[in-house]
Amino acid sequence: MNEPQKTPHIVVIGAGSASFGPNTLATILRSRRLQGSRLSLVDLNPRTLDSVLRVAQRMNEEWNAGMTICASTDRCEVLDGANFVIISIEVPPREQLWRLDWEIPLKHGLRQPYGENGGPGGMLHTFRQVPPLMDIVRDMEAMCPDAWLINFSNPLPRLTRAITKYSQIKAVGKCHQIEVGYAIAGVLLRDHYDLDVPEQITMNSDPDNIAAKHQIAQAAREYISIKAAGLNHFTWMVDVRDRHTGEALYPRLREAVDAAPDGFEPLSMEMFRAFDLCPVPGDTHLAEYLPWTHDSDARPWERYNLELYDWDSNEALREFSYHRLQQMADGELDVSNMHDVHSEGATEIVEGIVADLNRYDEAVNIPNRGAICNLPAETIVEIPGVVSSVGVRGMQMDPLPEPVAELCRREAALVELVVDAAVSGDRHLALQALLLDPMINDVNRARRVLDDYLQAFAGYLPQFE
């Protein structure tokens, strides 16, 4: 095994992403342990790439990071000998394609609760993302086969599984959804810890509460420690303790469910009552993996207040973020306020491997390999892990309660079929995957949805030609 370099070569693909790019670069450039490293930025959009390069250069100079920074629209110009490749990519135009993922099944009577990572929409999202992702992986195999790939792209467990199943590249997926778990625990235990929680707090179903959610999560972290296990966006709190005394807090959580604020994550609270284990991701993502959120007669989206992604507002927010990036690049905005941005987690993994830190990470997405004994060995699970010079290693967890494990196993089986279909372009496998989806209850509907999907997205699905 190659020894990690003390001043590694880090490649960021998707560096021009409106929020991910600048935030990730800021956390890399502020790191004392990574001073003097080589940093290569890659994005297909030359305009945003130029802006993010100039922002990175400003941070590098003002923060005395001593890094060598370059940028290219062609990853093959910079991948040679890389030690870490951080990826956050999305086939554009993101919002328009996501909207179609949701609207096409609706024409056939199927209303998905969200349509990003699970359901038929999640399958087509995977189909679009796999070809460009695996192109990157093939280039890594040729140019930097010993590098670690740190994936932030959605659907995260499916894309990470495609990498581990169809290549030898070392990969870990990162997601910050555990923050929602801390916010949920903070709201339920608000009286016990005297946390400041608004009377009307609905979390994921209300964009106006995003700031409050973050504040509650940060406050809860002062008192609470959570270990969660399962699949990304489908994890469950398996151990919740007082960070200072070690007191097991699940008895208090179970007592607090019925005193939750009105309208607070009603689907999550329902699942907590039913399965005696609290889900982490919040209703919006949780709804994508369950068979009880789309029935047209019961209309569960009304009962659980499952709101759709606001495509128009988020597209406008993306444009605003690009404008802000341009202002920083042009020197019209200070970059000092970027010094304390919240880390997405890539920098901590790079530091942990380079400096052999044995660093605890609350949520890494890696092949299971026995960490959760009642889930398949190669399933990409999200569990706590340790990051050191030997890489990212998951912690051994207790078995999940069997009902929860079965829900996860069903999704794990679906992931395998979706990934195989996405890589091979096999239409028959795609139909089988759709028929295993918990939102599909009619074979002819599945065929019609698949036909329309493959026709509408033909230009984005070269593997199905």
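Reader: Where does Cys-373 lie?

Author: Cys-373 sits in the loop between β9 and β10. This is a predicted model, so read each value as computed from it.

Reader: Is Cys-373 buried or exposed?

Author: Look at relative accessibility. Over 50% counts as exposed. Cys-373 has 52%, so Cys-373 is exposed.

Reader: How far apart are Cys-373 and Pro-399, in sequence and in space?

Author: Count along the chain, then compare C-alpha positions. Cys-373 and Pro-399 are 26 residues apart in sequence. Their C-alpha atoms are 5.7 Å apart in space.

Reader: What is the phi of Asp-356?

Author: Asp-356 is not a glycine either, and its phi is positive, about 50°. Find Asp-356 in the loop between α14 (346-354) and β9 (359-367). Its relative accessibility is 39%, so Asp-356 counts as partly exposed.

Reader: What should I look for in peptide bonds?

Author: Look at omega. In general, most peptide bonds are trans. The bond from Pro-92 to Pro-93 is cis, with omega near -5°. Pro-93 is in the loop between β4 (84-87) and α3 (94-106). The bond from Asn-154 to Pro-155 is cis too, with omega near -5°. Pro-155 belongs to the loop between β5 (148-151) and α5.

Reader: How many residues of α5 are buried?

Author: Under 20% relative accessible area counts as buried. Nine of the 11 residues of α5 are buried, so the helix is mostly covered. Among them are Leu-156, Leu-159, Ala-162 and Ile-163. Charged side chains are on the list as well: Arg-158 and Arg-161 are buried.

Reader: What covers the buried residues of α5?

Author: The cover includes the helices α4 (119-143) and α15. The strands β5, β6 (170-173), β9 and β10 also take part.

Reader: How many cavities of 30 Å³ or more does the whole structure hold?

Author: A search finds three of them. The largest cavity contains about 50 Å³ of space.

Reader: Which residues line the largest cavity?

Author: The lining is Pro-157, Arg-161, Leu-231, Thr-379, Ile-380, Ala-412, Val-415 and Glu-416. Two elements give two or more residues each: α5 (156-166) and α15 (402-424). The largest share, three residues, comes from α15. Sort the lining by type next. Five residues are nonpolar, one is polar and two are charged.

Reader: Which residues does Leu-417 contact, beyond its neighbours in sequence?

Author: First place it. Leu-417 is in helix α15. Its relative accessibility is 17%, so Leu-417 counts as buried. Leave aside neighbours within four places in sequence. Leu-417 then contacts Leu-429, Gln-432, Ala-433 and Leu-436. Take Ala-433: it is 16 residues from Leu-417 along the chain, and their C-alpha atoms are separated by 5.4 Å.

Reader: How many residues are in the largest nonpolar core?

Author: Start with the general idea. In soluble globular proteins, nonpolar side chains tend to be buried together. In this structure, the largest nonpolar core has 101 residues. Those with the most contacts inside it are Val-12, Leu-29, Leu-39, Leu-41 and Ile-224. Helix α6 (residues 178-188) gives the largest share, eight residues. A second, separate core has 52 residues, including Leu-79, Met-134, Val-137 and Val-449.

Reader: What is Ile-224 in contact with?

Author: Again, skip neighbours within four places in sequence. The contacts of Ile-224 include Tyr-182, Ala-185, Leu-189, Tyr-193, Val-240 and Leu-249. Arg-241 and Arg-243 are contacts of Ile-224 too.

Note on methods:
Residues are numbered from 1 along each chain as its sequence is written. This is a predicted model: local features need pLDDT of at least 70, side-chain atom pairs count only at pLDDT 80 or more; totals for chains, interfaces and linings use all residues. Side-chain values use heavy atoms; hydrogens and water are left out. On a 1 Å grid over the protein atoms alone, a cavity is a set of points where a 1.4 Å probe fits but cannot get out, and a pocket is an open set with protein on both sides within 12 Å along at least five of seven lines; lining residues have an atom within 4 Å of a point. Grid points are joined across faces, edges and corners, and a volume is the space filled by probe spheres set on the points. Helices (H or I, at least four residues) and strands (E, at least two) are DSSP runs, numbered from the N terminus. A nonpolar core is a set of buried Ala, Val, Leu, Ile, Met, Phe, Trp, Tyr and Cys residues joined through side-chain atoms within 4.5 Å. Buried means under 20% relative accessible area, exposed over 50%, partly exposed in between (1.4 Å probe, protein chains only). Contact means heavy atoms within 4.5 Å.
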